[in-house]
Amino acid sequence: MEIDSVRVESSVWIGNKRYKALLSGWYFSWTEIDKRNRERKTISVPVSEVIGVKEGRVEIQTQKKVEDTDLDFTLFYVKRNGHGLSWSLGRTQFCCPSRGVRDQWTTQLRTALKTHSPSRPHRLLVFINPFGGKKRGKQIFHSLVAPLFELAGISSHVVVTERANQARDYILKKDLTGFNGVICVGGDGMFSELLHGVIGRTQQEAGVSEHDPTVMLQPCDLHIGVIPAGSTDCVCFATMGINDPVTSTLHIIIGDSQPLDVCSVHYQNTLVRYSVSMVGYGFYGDVLAESERHRWMGPLRYDYSGFMVYLCNRSYPGLVQYLPADSHISSPRDKTRCLSGCRVCSESKERLFPHFDSSSSLYSTNVSQCNSELEGEWVTIEGRFKCVSLTCMSSSCPRSPEGLSPSAHLADGTADLIMVRETNPLGFLTFLHRHTTKQDQFDLPFVEVHRVKAVRFSLPPGEAEEEEVEYEKEADREIQTSAERELEDPEKLFCGNIAGQSQQHLAGWKERGSETSRLKRQGFACGPCCTKPRSVSVWNCDGEILPHTEISCRVHGQLVRLFARGIENSTMQ
Ligand SMILES: CCCCCCCCCCCCC/C=C/[C@@H](O)[C@H](COP(=O)(O)O)NC(=O)CCCCCCCCCCCCCCC
Ligand SMILES: Nc1ncnc2c1ncn2[C@@H]1O[C@H](COP(=O)(O)OP(=O)(O)O)[C@@H](O)[C@H]1O
Ligand SMILES: [Ca+2]
């Protein structure tokens, strides 16, 4: 075996063939030594993608040693399948000429791993939603994720949630010392819990008020990982190009880091929620409100509700104001895609954090900076809309592989505002259908899209009041019957927690009058089967119904970091 400061080299056996193994710089490679074979195929693995090195001949999942010889070691690494977005665990068993050489290899490879992958997590806090998606969260974690963490030497503390918001509250309140990241096994709703926990905790510790819509929020250091086990899995799909638990796990293990824009939603001077995928009014709000009644259907509830709401053919009046982003940098119709290592996103960092001190990784919360992000001329648009949506990223998902806005960027500090004006049912169906193909959904006369930094939505003056009064009455009737019906039949519900919410809504409704009737209207008063046209819809914020209609939204560039790397260009594989 030859070892110098930059190269380690020896001959090894894989099966019954002889190879030259070489560790040089960032790569470990092996090439067949066969004089007759002129092609001399080399397999090369970046050290940063090595998952583990084990003495002996080791099985993939069980880590059971098949044959414990002194001469063997097994290398586990990231293997790209098909188009390259799906990753699996590669394994190769090497047989060395002597035990000394074998030990040298394992030591050298482990040292290289430490040097070349300093940002790998060692300890993770994992939250499993046992009811998300097809209710396979626990099984996915224990059969696919946990064995890989163990192989990579990552320890984890696992919390199987028993109620909604448990994960968020845990992150906000408990001691997180020693954890390098938080992981959710579930859907976008579960991700949203972690997002709120991590952002809230970071602001608490930095003494920043989340409610002030003009404040520059403190970027979060704690990474978030997403193991997809939900209904839409949009966050996972849009940041990895696939929703596959093993691929996500491997990205977490190698410590990939992808910054992500977050949109804060305010009602007057109060923070309502954060969003990363979609804040949608009209169609998407109605679909969500309707789908909450059919949670027992699982992921299919969105298709069923989408169909029902489509049949209702509603449109809503609205006054939309937006602050345009710099159109010289990028545009939602420039036909580009935000891919791994995206130039637009990396160049945005300087603009978003002009006072970033890279030597100490410190961000200074500078008032002039936050104001500059809110500078510019607001544009106002009034009309009747089938839907108004705001998305910080493409929001691609298995239902829509290109997403709500295919050219949106994950981390450029902007969001895309999509406004679909009132149109005939066939026109709207064309718009929806284009989400499932590569056809441009913005190339329709009733659709507008703008790249923005902030948005305000209100009901046009005079339009709302009389409708509100009428609506309140109707909502009150419907809420009461609907909530009582659900309480009587908890079996049909997603979980006890929803029944709990119904109870709370009912109690609150009885106590508080009009403020609560607004909430109830959001949660229960949607009925696509109802015959009466309405002038107010609800907001769908990453799968949660918002309790306000008139909201303002602001994009916070690169506020959080995910264990991901964006979508790799498959032609580069
Ligand atoms: C004709 C086919 C039309 C397909 C239209 C697909 C549009 C898909 C856009 C997806 C945007 C996804 C944004 C992400 C939202 C999630 O955060 C959020 C929460 O997810 P979670 O439950 O996993 O926690 N998910 C959602 O709000 C779900 C929105 C899904 C909307 C799907 C609508 C399906 C529409 C089907 C219409 C059928 C009309 C047929 C007429 C003959
Ligand atoms: N144990 C639990 N019981 C009830 N609700 C839960 C529980 N754990 C998480 N939740 C909530 O369930 C909602 C949906 O979860 P999610 O994992 O996103 O599944 P889906 O993609 O099917 O909607 C989330 O908003 C989350 O807050
Ligand atoms: Ca963005």
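Ligand 1 is surrounded by 23 residues, the closest being Gly189, Thr232, Ser277, Tyr302 and Asn540, where a residue counts as surrounding a molecule if one of its heavy atoms lies within 4 Å of it. The model is predicted, and local features need pLDDT of at least 70, side-chain atom pairs count only at pLDDT 80 or more, and totals for chains, interfaces and linings use all residues. Residues are numbered from 1 along each chain as its sequence is written, chains are lettered from A and ligands numbered from 1 in the order in which they are written, and side-chain values use heavy atoms, with hydrogens and water left out.

**Ligand 1**

- An oxygen atom of ligand 1 is 2.8 Å from a polar backbone atom of Thr232, while a polar side-chain atom of Asn540 lies 2.9 Å from an oxygen atom of ligand 1, and an N or O atom in the side chain of Asp188 is 3.3 Å from an oxygen atom of ligand 1.
- Taken alone, ligand 1 exposes 940 Å², of which the protein buries 88%; accessible areas come from the Shrake-Rupley method with a 1.4 Å probe, and for residues only the protein chains shown count as cover.
- The elements that give two or more residues to the shell around ligand 1 are α4 (188–206), α8 (300–312) and α11 (425–434), and α8 gives the most, with five residues; helices are DSSP runs of H or I with at least four residues, numbered from the N terminus.
- By class, this shell has ten nonpolar, nine polar and four charged residues, with Ala, Val, Leu, Ile, Met, Phe, Trp, Tyr, Cys and Pro counted as nonpolar, Asp, Glu, Lys and Arg as charged, and the others, Gly among them, as polar.

**Ligand 2**

- Ligand 2 is surrounded by 22 residues, and the closest are Gly133, Thr161, Gly187, Glu193 and Ser231.
- A backbone N or O atom of Gly133 lies 2.8 Å from an oxygen atom of ligand 2, and a polar side-chain atom of Asn129 lies 2.9 Å from an oxygen atom of ligand 2.
- Taken alone, ligand 2 exposes 570 Å², and the protein buries 94% of that.
- Helix α4 gives the most to the shell around ligand 2, with four residues, and the shell divides into five nonpolar, ten polar and seven charged residues.

**Glu205 in helix α4**

- Glu205 is found in helix α4 and is exposed, with a relative accessible area of 58%, exposed meaning over 50% with a 1.4 Å probe and protein chains only.
- Glu205 and Gln218 are 13 residues apart in sequence and 9.4 Å apart in space, C-alpha to C-alpha.

Definitions and conventions
A polar contact is a pair of N or O atoms within 3.5 Å; within protein, one must be able to donate a hydrogen and the other to accept it, and residues adjacent in sequence count only if both atoms are side-chain atoms. Buried means under 20% relative accessible area, exposed over 50%, partly exposed in between (1.4 Å probe, protein chains only).
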